[in-house]
Amino acid sequence: MEKKLKALSHLYVTVFMSSFASFIVVPAITDVTMFALCPGTDECSVAIYVSGIQQAVIGIGTALMMPLIGNLSDQYGRKSLLTLPMALSIIPSAVLACSRTTNFFYAYYALRTLTAMICEGSINCLALAYLADNVTDSQRATAFGILSGICSGAYVCATLAARFISAGSIFQVATLVSMLALVYMRIFLEESIPDRDDSMTQPILKESEDAIQKDGNVLPTKMPAFKRIPSLRDIICLLRSSPSFKQAAVVAFLYSFAEGGMLASSMYYLKARFHFNKNQFADLLLIAGIIGTASQLFIMPLLVSPIGDGRLLSIGLFFSCVNNIIYSLAWSPWVPYASTALSVVMVYASPSLRSIVSKQVGPAEQGKAQGCISGVSSLANIIAPLIFSHLTALFLSEEAPFHFPGFSLLCVAITLAIAFITSLTIGNAPSNSSDKNSSSCMEV
């Protein structure tokens, strides 16, 4: 037990530093983008479209890569696969650490788009699989909540640092912390390869061995590495492995679609409507992060047992919907700040959803399952920016069909309302490992 706690502590430190490096650039990137593309203005349709296209392309890449990365981590270990995204994530911030002129911004834009196809979400996906390897079913919602709280804590610290650091120094700090996170992970984090005990359950997807006939006997033979890559049929079969998993995938798609819409809309909306700058963005994110971190670390663990992860998921989605309605109707700059109070329950959605997913598969398939859900989420991230970037630019312009600057955020709220209704059918999903034989998708 002590060995597992030590391993988890190193995982938490790794995730904290990696998340810190990722989040510290968020308050500054909007101003950097607009300065490079539309200097001296508060409204820039080009910046909105460029960001939306980047988000969509990244979504295509991650939709393809997440199931593969999760599957390979089941085969070769979580630490081995963590090395790749953590190393690649250093490159884009290093470019802007050198300069933030237009040419350097375009270089950053290209490199960020390429590297994020592998990095976006993969560290979190592999960390969730690592936790699932080391905690029991009953502890996963709490463990996932703590991991989410660690990420929120990194978000708070990064946003606070961004509040007092110049734009140039922000990207230098991000580069340095990313490098430290990679070195720390390689030195201290122990490898975690799931045990493949097939005596109780059969795997849903392809195993690493095939059977061949020789002299009347069946002998196992190693399957070539490329055949271990999950096919579309494997992913579909995994989604159909249990009703709860399929419903969770639908909720994941809708939730990520709404998150993508919020990301594509909110900051440009606040900048155009209330002239928010880097420091105001940082303050807003900081308040929400502090509230969310405290809730995930201290309140959510107390609620998991009496309420259950299914109800916590529904609660988080409902108040996320309310938050976006308030945003869309904001009549004063203080309204977005006031709505951050809802973060106390909004943050329950993601870890609860991941906990439900984790309980539907066996120990040797955690990477596949988390990668599959990340892939579904990435599909939503392909579509969301293409729609919401256009809506945001349209309703912030003079060509809007009617005056409603927050219309895109209202559409986000509607999406979350549908996700909330869908989540009510999941309930408190039990572990599905005991009856997975009936839904095995092994190749015959």
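# Briefing: helices, buried side chains and salt bridges

F188 counts as partly exposed, at 40% relative accessibility (buried means under 20% relative accessible area, exposed over 50%, partly exposed in between, with a 1.4 Å probe and protein chains only). F188 belongs to helix α9, residues 167-188 (helices are DSSP runs of H or I with at least four residues, strands are runs of E with at least two, and numbering starts at the N terminus). The model is predicted, so local features need pLDDT of at least 70 and side-chain atom pairs count only at pLDDT 80 or more, while totals for chains, interfaces and linings use all residues. Residues are numbered from 1 along each chain as its sequence is written, and side-chain values use heavy atoms, leaving out hydrogens and water.

**The chain and its confidence**

- The chain holds 18 helices and two strands, and 56% of its 444 residues count as buried.
- Among contacts with a separation of 6 or more, 83% join residues 24 or more positions apart (contact means heavy atoms within 4.5 Å).
- The average pLDDT is 81, and 84% of the residues score at least 70 (pLDDT is the predictor's confidence in each residue, from 0 to 100).
- Residues 197-227 have a pLDDT below 50, and this stretch has 58 contacts in the model beyond near neighbours in sequence.
- Residues 433-440 also fall below 50, with 16 contacts beyond near neighbours in sequence.

**Salt bridges**

- The model has six salt bridges (a side-chain nitrogen of Lys or Arg within 4 Å of a carboxyl oxygen of Asp or Glu).
- R78 pairs with D74, their closest N and O atoms being 2.7 Å apart; R78 is buried at 0% relative accessible area, and D74 is buried at 1%.
- D74 also forms a salt bridge with K368, at 3.4 Å from N to O. D74 lies in helix α3 (residues 45-76) and K368 in helix α17 (residues 366-395), so this pair ties together parts that are 294 residues apart in sequence. Like D74, K368 is buried.
- R140 and D137 meet in a salt bridge at 3.0 Å, N to O. Both lie in helix α8, three residues apart, which is about one turn of the helix. R140 is buried at 6%, whereas D137 is partly exposed at 26%.
- Through shared partners, salt bridges link D74, R78, D133 and K368 into one network.

**Buried Thr and Ser in helices**

- T159 sits in helix α8, residues 137-164, and is buried, with a relative accessible area of 1%.
- The T159 side chain reaches the backbone oxygen of Y155 at 2.6 Å (a polar contact is a pair of N or O atoms within 3.5 Å; within protein, one must be able to donate a hydrogen and the other to accept it, and residues adjacent in sequence count only if both atoms are side-chain atoms).
- Not counting residues up to four places away in sequence, T159 touches P27, A282, L285 and L286.
- S328 belongs to helix α13, residues 309-328, and is buried at 3% relative accessibility.
- The S328 side chain reaches the backbone oxygen of I325 at 2.7 Å.
- S328 touches Y269, F404, G406, L409 and L410, with residues up to four places away in sequence not counted.

**A covered helix and a loop residue**

- In helix α16 (residues 349-358), nine of the 10 residues are buried, including P351, L353, R354 and I356.
- H275 lies in the loop between α11 (243-274) and α12 (278-307). Its phi is near 60°, a positive value in a residue other than glycine.
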